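Dear colleague,

Please find the structure below, together with its sequence.

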Amino acid sequence: MMDKITDKIAALPADGEYFSLEFFPPKTQMGFSNLRVRLQRMERALRPLFVNVTWGAGGSTAQKSIELAELCQRELGLTTCLHLTCTNMSQAMVDQALQDARALGIRNILALRGDPPRAEYRDADEPTGSEEFTWAIDLVKYIRKKYGSYFCIGVAAYPEGHGDGSHPEGQSFEHDLPYLVDKVQAGADFIMTQLFFDIKAYEKFETTLRDDPSGAFKTIPILPGLMPIQSYAMIKRTAKLSHAEMPEEIMARLNAVKGDDEKVKMVGVDILSELIEQIREIKSRTPGPRGFHFYTLNLEKSISFILERTKLIPDVPEDEEAVVDEPVPAAVTGQRSIPRISVNGNVPLRQSRSHSRTARRQSSVGSDPHNRVIVGRAAAHPEWEASSTEAGLPAESINTRANTLAISEGEGALGREATWDDFPNGRFGDARSPAYGEIDGYGVSIHMSVTQAVSLWGHPKTASDINDIFVRHIRGEISAIPWSEEDLLPESNIIKSSLEAMNKKGWWTVASQPAVNDLPSNHGTFGWGPASGFVFQKSFVEFFIPSADWKILYDKLTSEEHEEVVCFYASNANGDFVSSDSTGGTSRAAVSASTNAVTWGVFPGKEIVTPTIIEEVSFRAWCEEAFDIWAEWAKVYGRGSDSEKLLNEIGQDRWLVNIIHHDYVDTEALWRLLTN
Ligand SMILES: Cc1cc2nc3c(=O)[nH]c(=O)nc-3n(C[C@H](O)[C@H](O)[C@H](O)COP(=O)(O)OP(=O)(O)OC[C@H]3O[C@@H](n4cnc5c(N)ncnc54)[C@H](O)[C@@H]3O)c2cc1C
């Protein structure tokens, strides 16, 4: 089976096109099983040439990434590219990942650096003479040294320059160029880029590479990275994190519809489809198939629309098809009977498709009055001719236009499955959604370099220095805290003074929302979702609290006065966990795990939409990460430094508590409870 990306590209026609889809390992078990179904559906309806599985910086998602890669490669038979970072990881971890990949039959690695290396945090037990990983090129060389040409290696590039502020003259693609030349010459086979929206920047990038005097980029596949626009807030955040410029014209189009999430998605589809057309027109393009890489964020609706609109979904070429009337006896195809279009996630798992040299599909497209079955021509010279499967045209596909449209438009069972987690608003989202979790699946990180971290947060020496950092963030005087790269959302203005009071007494808030009772869905601050709807919110707040204070607050929350109106979840760094469920909660009797919809909307023609849910499983998943962030922050400062000690001690002493107040009509109730 042809499983190297470069071989698959080479097997496509010179003027062909292809695309890859990137997924991250979901945080929760439910998210994982839902992603399995989603992947099956996307694989069959969209047919990517390959899929990418992200890797948490420093190996933080190692096991989950390998699990997801196994699902893609082994179970679904998809050509899989495993991302692998090398900094802040021991050589043993890198070796383990590469061995696992090989054992799973994975032939493609995207070799990355990850977060900037912190030399003093190298594993003390590591044998002397172990590999030093500082830049991505070190990993490229290492893989080539240990595995020869077994792996097809990809590397990352940044059309607008890499944005970690490490270059003294600032961010620019020209500063990165010499290192990219070296990285490619060290043995990279393809390049995938950071996401961008500025076509001029991308065109300049690609043209410069193709014309580079080194000749390193003459023929190497370059896959532009594209991110569908899932929501207004998400795209602003991602653009900021990835240091991608949002051209004014694009921002204006999004601003014009920002009160209506459904319109934002649709305008986003227009924007991305135009971007793809513009990329197609770039004159410098080297002959050969043109590829596109999509950051899916584990969602499928927008991407289906974009692929459909830009005709990127591969079709079985006409000359390889023989059309026969249904039904085709199994004896003719040599296979089990033709699968019906199978929806609702009940598509049987594909058997290894590498054995099949017959491509077929069921089609009910266009003006055809009845279903026809199209059987692919068997390869005339199987010994040297790539089968359509090997060239990325999987057998048994059911990618009818109707199916893709059903997914993208959310119609019927197939569409409903595809779109149930369509509005990923809020910090929490729904833990059952594959998209639940941090934005990029790159794992726990403070998302900035040491220099940037120190310039934002200085060198804290006491707990009151930390109070200060949180209070200044609430006031908008600093743009980020380690748990959030965002300024406080405008909607939090109405609870700003309560949040400030909490942070001043050392109850450090990392997430919150005010209560909202029945505002129009196009409301400038609180609105979301489609037009003509109404939105609601329960107030909640999540904060770190000293263990001594937690004892007192716990008694208050479980007192008769409050226990009927609040739910809470709390955990510490040791994994001790307590919640209003375990204490009897709102009904006093022992209850099973509660699920709290904290944001919901009522829209014409739709069931009630609940994009943000807080429940034990999502809280626990996030908690682990939230405590790891203390340790990540501590690592910014030298080993043994006062700041490092302080941050580690604090992480050990605190509880992370999330409190939801059910009385969303009395919008002040939660804040009275916490600040009196
Ligand atoms: C397509 C794509 C997928 C990604 N997937 C993941 C993922 O799964 N998990 C994850 O954690 N992160 C991921 N990232 C993010 C990536 O890890 C970060 O952007 C990281 O900061 C840089 O990685 P790199 O491989 O580009 O590093 P490098 O190639 O090492 O470059 C990093 C910076 O250092 C500069 N540089 C390189 N060599 C030298 C040198 N010798 N001297 C001085 N400067 C040098 C480069 O110009 C660049 O500015 C991804 C990025 C992209 C574009």
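In helix α10, the buried residues are Asp 261, Val 264, Lys 265, Gly 268, Val 269, Ile 271, Leu 272, Leu 275 and Ile 276. Please bear in mind that this is a predicted model. In general, an α-helix has 3.6 residues a turn, so residues three or four places apart point the same way. The buried residues of α10 pack against the helices α7 (199-211), α8 (232-242), α9 (248-255) and α11 (301-309), and against the strands β7 (222-226) and β8 (290-295). Helix α10 itself covers residues 261-280; at 1.5 Å a residue its 20 residues should span 28 Å, and this agrees with its end C-alpha atoms, which are 28 Å apart.

The nonpolar cores come next. The largest has 90 residues, and within it Leu 84, Ile 109 and Ala 111 touch the most other members. Leaving aside residues up to four places away in sequence, Leu 84 touches Trp 55, Ala 97, Ile 109, Leu 110, Ala 111, Leu 112 and Leu 139. Another core, of 49 residues, lies apart from it and includes Phe 470, Ile 481, Trp 507 and Ile 650.

One helix pair also deserves mention. Helix α16 (residues 463-474) packs with helix α17 (residues 496-504) at an angle of about 170°, their axes being 9 Å apart. The two are therefore roughly antiparallel. On the α16 side the contact is made by Asn 467, Phe 470, Val 471 and Ile 474, and on the α17 side by Lys 496, Leu 499, Glu 500, Asn 503 and Lys 504. Of the residues in this contact, four are nonpolar, two polar and three charged.

With kind regards

Note on methods: Residues are numbered from 1 along each chain as its sequence is written. This is a predicted model: local features need pLDDT of at least 70, side-chain atom pairs count only at pLDDT 80 or more; totals for chains, interfaces and linings use all residues. A nonpolar core is a set of buried Ala, Val, Leu, Ile, Met, Phe, Trp, Tyr and Cys residues joined through C-beta atoms within 7 Å. A residue is buried if 20 or more other C-beta atoms lie within 10 Å of its own, exposed if 12 or fewer, and partly exposed in between; C-beta atoms are placed from the backbone. Two residues are in contact if their C-beta atoms, placed from the backbone, lie within 7 Å. Axes are lines fitted to C-alpha atoms, for helices over the stretch in contact, and angles run from 0 to 180 degrees between N-to-C directions. Helices (H or I, at least four residues) and strands (E, at least two) are DSSP runs, numbered from the N terminus. Angles under 35 degrees count as roughly parallel, over 145 as roughly antiparallel, 65 to 115 as roughly perpendicular and the rest as oblique. Ala, Val, Leu, Ile, Met, Phe, Trp, Tyr, Cys and Pro count as nonpolar, Asp, Glu, Lys and Arg as charged, and the others, Gly among them, as polar. The expected span of a helix is 1.5 Å times one less than its number of residues.
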